[in-house]
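Trainee: Before we start, could you put the model on screen? I would like to go through it by question and answer.

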Amino acid sequence: MGTEYSITETLDVKGESCPMPVVKAKKAFDGLEEGDVLEVLATDPGAFPDFEAWANRVEAVEILEQIERQNGETVYVNVVEKVVVE
Amino acid sequence: MSTDAPAADGDAGSEPTMADQIEELREELAEVKAAVGDDQKRMVIISTKGTLDMAYPPLILASTAAAFGWDVTIFHTFWGLDILHKEKTKGLKLSAVGNPSLPMPNLLAAIPGMDSMATRMMKSRIEKNKTATIQELIDVCLESGVELQACQMTQDLMGYGEDDFIDGVTVGVGAATAIDRMADADVQLLV
């Protein structure tokens with residue numbers, strides 16, 4: 001995708017399983033301003049489809065990138081922006 | 001609701017003009033829009049089971065739907081009440097009998113102590129996998145505005161008093177309340 005963005009906040013939910021990654025992301029999201037970018041680091045293999053589903057249902061959530069990083073363990077990085085809702 | 005004939009305020013007997021008809025349709029559309037209301041999504045779950053495994057799905061779905069910004073109600077009835085019970089919620093057990101997914105035949109599962117053993121196995125897995133506990137999920141639900149309701153009739157049937165429930169639980173509601181919520185909900189589930 002090669003999107004340019006700067007990360008406002010990083011949320012580490014490595015090791016946590018459903019529903020906590022999305023639940024905690026929402027909590028962090030509430031504290032952000034429009035245009036801010038949240039990076040969520042998860043090891044839950046369900047994180048990608050779940051974050052897609054979250055973004056699909058919540059207008060203010062837009063996925064900028066989903067990157068899989070190998071770092072001893074697989075980390076599913078979800079980069080989401082808080083966008084302006086009309 | 002406006003049911004006035006357009007002719008009433010014009011000259012009696014004449015056909016309503018196109019402008020009058022358009023105006024009337026506008027008003028009706030506004031009323032319909034107001035009735036259909038907002039885009040607020042709603043979910044209602046009826047939670048009837050008090051075993052450890054059956055306590056999870058309603059709480060997981062509710063906390064997730066709340067993260068979606070949905071308005072969520074869980075109506076607890078029968079053994080579902082145990083999930084909200086201050087003491088019993090700490091001791092929810094897995095049932096070994098009638099659960100063919102457990103690695104023990106039913107004949108053995110019926111032996112006293114087997115439920116506790118199965119529960120201990122599950123709890124150690126929950127801890128190892130860092131799965132949220134029932135208590136954590138209840139906290140998340142209450143924090144995120146999920147309404148946890150306790151059915152009055154079954155509360156009486158089980159001999160539970162208002163003070164037996166976790167703080168934040170809505171007590172003293174019945175089937176009519178559940179149906180009222182379900183009628184406006186986009187998702188309704190019985191667990």
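**Burial, packing and contacts**

Trainee: Is B:A109 buried, exposed or partly exposed?
Mentor: A residue is buried if 20 or more other C-beta atoms, placed from the backbone, lie within 10 Å of its own, exposed if 12 or fewer, and partly exposed in between. B:A109 has 18 C-beta neighbours inside 10 Å, so the class is partly exposed.

Trainee: What conventions apply here?
Mentor: This is a predicted model, in which local features need pLDDT of at least 70 and side-chain atom pairs count only at pLDDT 80 or more, while totals for chains, interfaces and linings use all residues. Residues are numbered from 1 along each chain as its sequence is written, and chains are lettered from A and ligands numbered from 1 in the order in which they are written.

Trainee: Leaving aside neighbours within four places in sequence, which residues are in contact with B:A109?
Mentor: Contact requires C-beta atoms, placed from the backbone, within 7 Å. B:A109 sits in helix α3 (residues 106-109) of chain B; helices are DSSP runs of H or I with at least four residues, strands are runs of E with at least two, and both are numbered from the N terminus. With neighbours within four places set aside, the partners of B:A109 are B:A96, B:V97, B:L102, B:M104 and B:M114.

Trainee: How many residues of α2(B) are buried?
Mentor: The buried residues of α2(B) include B:L52, B:Y56 and B:L59. They pack against α1 (20-30) and α2 (47-57) of chain A, and against elements of chain B including β1 (42-47) and α5 (134-143). Of the 16 residues in α2(B), the number buried is twelve.

Trainee: Which element gives the largest share of the side of chain A that touches chain B?
Mentor: Twelve residues of chain A are in contact with eleven residues of chain B. The elements of chain A that give two or more residues to this side are α1 and α2. The largest share, four residues, comes from α1(A).

Conventions. Two residues are in contact if their C-beta atoms, placed from the backbone, lie within 7 Å.
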